[in-house]
Amino acid sequence: MAVAITTRAPRRAKVTLKVVVLLSSVLTLVFLISFVFSEQGISELHRSRGRVQALQVDVVRLQTENERLRKEIDSLKKSTYAVEKIAREDLGMSRSGEVVYMLREKRPAH
């Protein structure tokens with residue numbers, strides 16, 4: 001009995017593998033190009049990162065402002081000096097018997 005040896009099966013496997021690799025490469029290239037040049041691609045990613053960074057700066061600024069305001073509130077709760085300073089400077093109040101001199105701001109001539 002003679003056994004016939006053919007080389008078609010391994011050759012087909014090699015051709016099929018090459019076709020799969022080629023198609024995968026083309027699809028990957030198409031995906032990368034569409035990702036880079038689409039509106040939702042890299043440019044949108046950069047814009048989003050910029051917005052996140054700006055918001056982080058705002059958060060830090062607002063946290064600092066909140067801490068300053070908390071300290072001011074604590075100071076006002078504990079100190080009569082701070083309340084007196086606000087009453088004098090912002091509200092124009094004075095103690096009885098004090099004479100308060102109010103200076104006008106010089107206005108530019110029209």
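**Reading helix contacts and salt bridges**

Me: Which residues in α2 meet which residues in α3?

Reply: S75, L76 and K78 in α2 meet T80, A82, V83 and I86 in α3, where contact means heavy atoms within 4.5 Å. The residues of this contact divide into 4 nonpolar, 2 polar and 1 charged. Ala, Val, Leu, Ile, Met, Phe, Trp, Tyr, Cys and Pro count as nonpolar, Asp, Glu, Lys and Arg as charged, and the others, Gly among them, as polar.

Me: What should I know about the model before reading on?

Reply: It is a predicted model, in which local features need pLDDT of at least 70 and side-chain atom pairs count only at pLDDT 80 or more, while totals for chains, interfaces and linings use all residues. Residues are numbered from 1 along each chain as its sequence is written, and side-chain values use heavy atoms, with hydrogens and water left out.

Me: How many helices and strands does the protein have?

Reply: There are 3 helices and 0 strands, and the pattern along the sequence is α-α-α. Helices (H or I, at least four residues) and strands (E, at least two) are DSSP runs, numbered from the N terminus.

Me: How do I describe the packing of two helices?

Reply: Two packed helices are described by the angle between their axes and the distance between the axes. Here α2 (residues 42-78) and α3 (residues 80-89) pack at about 100°, with axes 5 Å apart. Axes are lines fitted to C-alpha atoms, for helices over the stretch in contact, and angles run from 0 to 180 degrees between N-to-C directions. The two helices are therefore roughly perpendicular to each other; angles under 35 degrees count as roughly parallel, over 145 as roughly antiparallel, 65 to 115 as roughly perpendicular and the rest as oblique.

Me: What percentage of the residues is buried?

Reply: Buried residues make up 3% of the 110 residues. Buried means under 20% relative accessible area, exposed over 50%, and partly exposed in between (1.4 Å probe, protein chains only).

Me: How many salt bridges are there?

Reply: Side chains of opposite charge can pair when their charged atoms come close. A salt bridge is a side-chain nitrogen of Lys or Arg within 4 Å of a carboxyl oxygen of Asp or Glu, and the count comes to 7. One of them joins D58 and R61 (3.9 Å, N to O). These two residues are 3 residues apart in α2, about one helical turn, and D58 is partly exposed at 33%. In another, R68 pairs with E65 at 2.7 Å. R68 is partly exposed at 42%, and E65 is partly exposed at 31%.

Me: Which residue pairs with E84 at 2.9 Å?

Reply: R95 forms that salt bridge with E84. E84 lies in α3 and R95 in the segment after α3, so the pair ties together parts 11 residues apart in sequence. E84, R88, R95 and E98 are linked in a network of salt bridges.
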